Amino acid sequence: MVWLTRRFAPDARGSGIPQVMAATADPDASMKRLLSLRTTVAKLFLTVAALLVGGSVGREGPTVQIGASVMGYMHKLMRVPLRASVFIAGGAAGVAAAFNTPLAGVAFAIEELAAAYEQRVTLLVMAAVLIAGMVSLGIAGDYVYFGLVTQKLAPTRAMLVAPLAGLLGGLAGALFARFMLAFGRVGTGPLGWARNHPMATAGLCGLIVALVGVASGLSWGTGYETARSIISGGTAPWWYGPAKFVATLATALSGLPGGIFAPSLSTGAGLGQLLRYIFPDDPGGAVALLGMTAYFTGVVRAPLTAVIIVSETTGSRAMLLPLLAAALVADFVARAVSPEKLYHGLSRRFAP
């Protein structure tokens, strides 16, 4: 699949969010490359194929790229001039539809895609997200992505658990981001060899994903079922988080089309499972939510988006303050470990 991607649609590789960021620099040229019909179709089918064979990928990054492309083609069809805000709105709509989280779509557009872009983007983003949310509700029904979580932490316990979750999640997430960014820059040593031999690297990464998957039995795909079990109060093996971390990193480094949103949330749930061993007397689901929020923040460096996604996908409004505390600590730690944001760094590889 990596060979097919590199041969026929090289701009479909990876998440899709960096491509949308790069596309805002030259909207018209991007419709011929980063957001072209060929790239979009390849992204759709290759992401589905990656999930079918057990790749640790998510659908959220690809829906950002596909959503931006759809918005672009609709503007061309209606002969409306393209602006960068069109792609930002389409990407935000993709996040909203993928998770059934309209607020998270708006937050992600503001924190990541727009990056202090002009104010007129706000209305377009909110309209696109609202429509995407209504379409998602009409097709998939009114659902909470991870199921309703009613567990919560006492304020005194939250003051203890949330900072530690933020520290560990921010560190682990930043290490993931730093390795991803280093892979595209280092020209010598093992990383340099891997960059110069993409097919051999893809084969090696696939072998790692397969071995980890067979050994754990849990690291395949998005990790949705395991994450839902953990945050619902169930248990998973202590090694689930590390196994999912390795599988997701290997899948992402291979160049396979697919996102890291859902796998990162699942890895964060695995981190929360480890925290439960430290805080056995606290509600397991609530602790897992802190791990999800902290790790996702460490990877993406978008704390507001992390809090809103986790709260919207679990209905855990009683956990908003602890989630925010964990996210802010994680963002501070991740900023120290990996100063450059992951998607911003990756977007430079797609710059015209």
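Residues are numbered from 1 along each chain as its sequence is written. Since the model is predicted, local features need pLDDT of at least 70 and side-chain atom pairs count only at pLDDT 80 or more, while totals for chains, interfaces and linings use all residues; side-chain values use heavy atoms, with hydrogens and water left out.

Thr 313 sits in helix H16, residues 303-314 (helices are DSSP runs of H or I of at least four residues, numbered from the N terminus). With a relative accessible area of 1%, Thr 313 is buried (under 20% is buried, over 50% exposed and in between partly exposed, using a 1.4 Å probe and protein chains only). A polar atom of the Thr 313 side chain lies 3.3 Å from the backbone oxygen of Val 310. Beyond its neighbours within four places in sequence, Thr 313 touches Phe 99, Thr 101, Val 144, Tyr 145, Phe 146 and Gly 147, where contact means heavy atoms within 4.5 Å.

Helix H4, residues 37-52, supplies the largest share, 6 residues. Leu 37 belongs to helix H4, and at 54% relative accessibility Leu 37 is exposed.

As for the rings, there are 8 aromatic pairs, counting Phe, Tyr and Trp (its six-membered ring) with centres within 6.5 Å; planes under 30 degrees apart are stacked, over 60 edge-to-face and the rest tilted. Trp 3 and Phe 8 are edge-to-face because their planes stand at 85°, with the centres 6.1 Å apart. Phe 8 is partly exposed at 41% relative accessibility. Another edge-to-face pair is Phe 245 with Tyr 295, at 6.4 Å centre to centre and 70° between the planes. Phe 245 lies in helix H13 (residues 240-253) and Tyr 295 in helix H15 (residues 284-300), so this pair ties together parts 50 residues apart in sequence. Phe 245 is partly exposed at 22%, whereas Tyr 295 is buried at 2%. Ring pairs also link Phe 99, Phe 108, Phe 261, Phe 296 and Tyr 343 into a cluster. Phe 99 turns up among the contacts of Thr 313 as well.

How values were computed. Helices (H or I, at least four residues) and strands (E, at least two) are DSSP runs, numbered from the N terminus. A polar contact is a pair of N or O atoms within 3.5 Å; within protein, one must be able to donate a hydrogen and the other to accept it, and residues adjacent in sequence count only if both atoms are side-chain atoms.
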